[in-house]
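This report covers a sheet, a helix packed on it and a nonpolar core.

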Amino acid sequence: MLSRGDWGAKPALDGQQAHKVRRITLHHTAVRAKPARALAQKMRSLQRFSQSDELLADGRRKRPWPDVPYHFYIDVNGQVAEGRNQRFAGDTNTNYDPAGHIGIALEGNFEVDRPTAAQEQALTALLRSLIREHGLTAADVGTHRNFAATACPGRHLEARLPAILKAAAR
Ligand SMILES: [Zn+2]
């Protein structure tokens, strides 16, 4: 696991909301994976985007978030990076309250591509450990589109979820 120190995270900004973890929610990055780019670089660039006022693809403005919106990020090679501190709720551009959710983002657009075997393995191991850590069950693991009008995390990841959850619960 690449810690925040490993990827060169800046401190979180003010305004994070403490929350009690009740579930785990999966996301994709919704853009094609970049296998040659270092994970540390991807995390720094995600944090730069997150902490600034940005224009979104659909023309809306995004307010600056205190930190990266996700608690974990799994790159296309199956390497995991630590994101936002788990004690604080994430952030979203969609219409649901992310409080209570641990957010995990997988790199890729799974409407188009399939998750890699390395990503599935890393996700299985991460879910197993988070389920144990927070006293959850596999039934507490869902996807972004269970909560908001979005295609996230993409049909190909959605299709793999039952098998991944079965493996994580073992
Ligand atoms: Zn999402």
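In what order do the five strands of the open sheet lie? The order is β5-β4-β6-β1-β7, with mixed pairing. Here strands are DSSP runs of E of at least two residues and helices are runs of H or I of at least four, numbered from the N terminus; two strands pair if DSSP finds at least two bridges between them. β5 and β7 are the edge strands, each pairing on one side only.

This is a predicted model: local features need pLDDT of at least 70 and side-chain atom pairs count only at pLDDT 80 or more, while totals for chains, interfaces and linings use all residues. Residues are numbered from 1 along each chain as its sequence is written.

Strands β1 and β6 pair in the parallel sense over six bridges, and T25 stands opposite G103 in β6.

| Strand | Residues |
|---|---|
| β1 | residues 23–28 |
| β6 | residues 101–106 |
| β5 | residues 80–82 |
| β7 | residues 141–143 |

Helix α4 (residues 155–169) lies across β1, β6 and β7. Contact means C-beta atoms, placed from the backbone, within 7 Å. I104 is in contact with residues including I24, L26, F72, I74 and L126, leaving aside neighbours within four places in sequence.

I104 is also, with Y73 and I74, among the residues touching the most other members of the largest nonpolar core, which has 26 residues. Such a core is a set of buried Ala, Val, Leu, Ile, Met, Phe, Trp, Tyr and Cys residues joined through C-beta atoms within 7 Å; buried means 20 or more other C-beta atoms within 10 Å of the residue's own, exposed 12 or fewer, and partly exposed in between.

E133 is found in helix α3 and is exposed because 11 other C-beta atoms lie within 10 Å.

Methods
Two residues are in contact if their C-beta atoms, placed from the backbone, lie within 7 Å. Axes are lines fitted to C-alpha atoms, for helices over the stretch in contact, and angles run from 0 to 180 degrees between N-to-C directions.
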